[in-house]
Amino acid sequence: MTALRPILSVMLLLLSTLLFGRGAANQKADGLCKVESLPSDIQNRLKEEYGSWKIQEPADLSQRAREAWELEKPWACPGIAVGHFESAKTLSYAVLLVPTGHTDEGYRFLVFSQKLGQPGYEVRVLDKLDDKGAANYYIQSTPISKFFSEASRRKFQAHTKDGILLTDSSENEYGVEVYFWSGGRYLHEPIDY
């Protein structure tokens, strides 16, 4: 038994480091999920138009969604994606909002984009859910080239650098859709991921 003590001590140390590390990742992501991490124009629009909603955080996710999210993007926020969704010159901000206090009761999936040379951000509602199950969803940015070949980029007119993945990791159905800018609007396609 004395010979096993050092091995058990090392195993316990590794286990606690692993568990503490995940907790630190979730705390870091929760900090990134604050509305204050977005540009002030977007903050103001969210407060005015979506005052009873909040950004999806790791703590809001179902266990299955949280596990999938941690494998994907543990140092990011599951409710915010930033990228060149509409233009190579300006950043756009996608947010996944859930009702404050009832975070599994629905969601709003929005994109805020700034028109070149114009102040402020235009908002688009890409999807919404008015039922239970929001805890299974998260978003992230992705390079369009990861899912579209040159031929399919031409076919779908997907010429921007980035797209947005909306993942549904519910037990009954795992699905991922890529949202992309094409012809002045957002389209979406289911993908194998």
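1. Two strands are taken to pair if DSSP finds at least two bridges between them, and helices (H or I, at least four residues) and strands (E, at least two) are DSSP runs numbered from the N terminus. On that basis strand 3 (residues 92-99) and strand 4 run antiparallel and are joined by 6 bridges, with V95 standing opposite L110 of strand 4.

2. This is a predicted model, in which local features need pLDDT of at least 70 and side-chain atom pairs count only at pLDDT 80 or more, while totals for chains, interfaces and linings use all residues. Residues are numbered from 1 along each chain as its sequence is written, and side-chain values use heavy atoms, with hydrogens and water left out.

3. Strand 4 also pairs with strand 5 (residues 122-129), again in the antiparallel sense, over 7 bridges, and here F109 has D127 of strand 5 as its bridge partner.

4. How many of the 7 residues of strand 4 (residues 107-113) are buried? The count is 7 of the 7, so the strand is largely enclosed by the rest of the structure; buried means under 20% relative accessible area, exposed over 50%, and partly exposed in between (1.4 Å probe, protein chains only). In a regular strand the side chains alternate between the two faces of the sheet. In strand 4 both faces are covered, with Y107, F109, V111 and S113 buried on one side and R108, L110 and F112 buried on the other.

5. The structure holds 8 aromatic pairs, where rings of Phe, Tyr and Trp (its six-membered ring) pair if their centres lie within 6.5 Å, and planes under 30 degrees apart count as stacked, over 60 as edge-to-face and the rest as tilted. One of these pairs is F148 with F180, which is edge-to-face at 5.0 Å centre to centre and 65 degrees between the planes. Because F148 lies in the loop between strand 6 (137-143) and helix 4, and F180 in strand 8 (residues 174-182), the pair ties together parts that are 32 residues apart in sequence. Both F148 and F180 are buried.

6. W181 and Y186 form another pair, with ring centres 4.9 Å apart and planes at 70 degrees, so this pair is edge-to-face. W181 counts as buried at 12% relative accessibility, and Y186 is buried too, with a relative accessible area of 11%. Elsewhere, ring pairs link F148, F156 and F180 into a cluster.

7. A backbone point to look at is Q157, a residue other than glycine whose phi has a positive value, near 55 degrees. Q157 sits in the loop between helix 4 (150-156) and strand 7 (162-169), and Q157 is partly exposed, with a relative accessible area of 44%.
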